[in-house]
Amino acid sequence: MGQTPAQKAAKAARGQQPKKRPGKAQREASLRAQAAKKKAGGGKPAAKKTAAKKAVPLPRGSVRAAYPGTCPACFKDYAKGEVITKVTEGWGHPGCAPRQMSAAEREFARNKARIESGETFRGQKPSDWRRGASPSTTRPAR
């Protein structure tokens with residue numbers, strides 16, 4: 001039988017809390033136990049835990065060698081399972097591959113080459129000053 005709201009309020013005023021249903025308490029306890037079991041690994045045998053090795057992430061563009069070979073850049077051998085990457089003429093050691101420049105480094109190199117070649121930027125014009133003359137006498141009249 002359920003209690004009316006007035007009866008519940010009277011019990012709370014006396015300091016007694018309404019009792020929880022036993023079914024609900026049992027359900028909550030079993031849910032907590034399941035969550036703890038999941039978090040702990042589900043009680044699997046230790047043999048299965050050690051058998052699954054965690055894979056170490058490889059650098060981008062690299063793979064593990066399927067068979068032994070020779071690096072075309074340094075002519076040294078690499079073993080099966082060793083980390084290799086694409087080099088100029090095939091696959092080899094990651095240290096032998098040319099380093100990729102970032103976008104900022106590429107832009108800097110482009111600008112440096114333009115300046116060294118004598119190219120000027122759009123906003124700049126070559127100077128029309130003559131040696132020994134003031135700027136006011138060198139410019140055409142408007």
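Colleague: How many disulfides does a search of the whole structure find?

Modeller: The search of this predicted model finds 0 disulfides.

Colleague: What makes the sulfur atoms of Cys74 and Cys96 too far apart for a bond?

Modeller: A disulfide requires two cysteine sulfur atoms within 2.5 Å. The cysteine sulfur closest to that of Cys74 belongs to Cys96, at 3.6 Å, and is therefore too far for a bond.

Colleague: Why is Cys74 called partly exposed?

Modeller: The term covers relative accessible areas between the buried limit, under 20%, and the exposed limit, over 50%. Cys74 has 27% and is therefore partly exposed. Cys96, at 28% relative accessibility, also counts as partly exposed.

Colleague: How much of the chain counts as buried?

Modeller: Of its 142 residues, 8% count as buried. The chain exposes about 13100 Å², of which carbon and sulfur atoms supply 57%.

Colleague: How do you know that the span of helix 4 agrees with its number of residues?

Modeller: Helix 4 comprises 14 residues, 103-116, and at 1.5 Å a residue these should span 20 Å; the end C-alpha atoms are 20 Å apart, so the two values agree. Gly118, which follows helix 4, has a positive phi, near 95 degrees.

Colleague: In what order do the elements of the chain run from the N terminus?

Modeller: The chain has 5 helices and 5 strands, and the order is α-α-α-β-β-β-β-β-α-α. Among contacts between residues at least 6 apart in sequence, 8% join residues at least 24 apart.

Notes: Residues are numbered from 1 along each chain as its sequence is written. This is a predicted model: local features need pLDDT of at least 70, side-chain atom pairs count only at pLDDT 80 or more; totals for chains, interfaces and linings use all residues. Side-chain values use heavy atoms; hydrogens and water are left out. Helices (H or I, at least four residues) and strands (E, at least two) are DSSP runs, numbered from the N terminus. The expected span of a helix is 1.5 Å times one less than its number of residues. Buried means under 20% relative accessible area, exposed over 50%, partly exposed in between (1.4 Å probe, protein chains only). Contact means heavy atoms within 4.5 Å. Accessible areas come from the Shrake-Rupley method with a 1.4 Å probe; for residues, only the protein chains shown count as cover.
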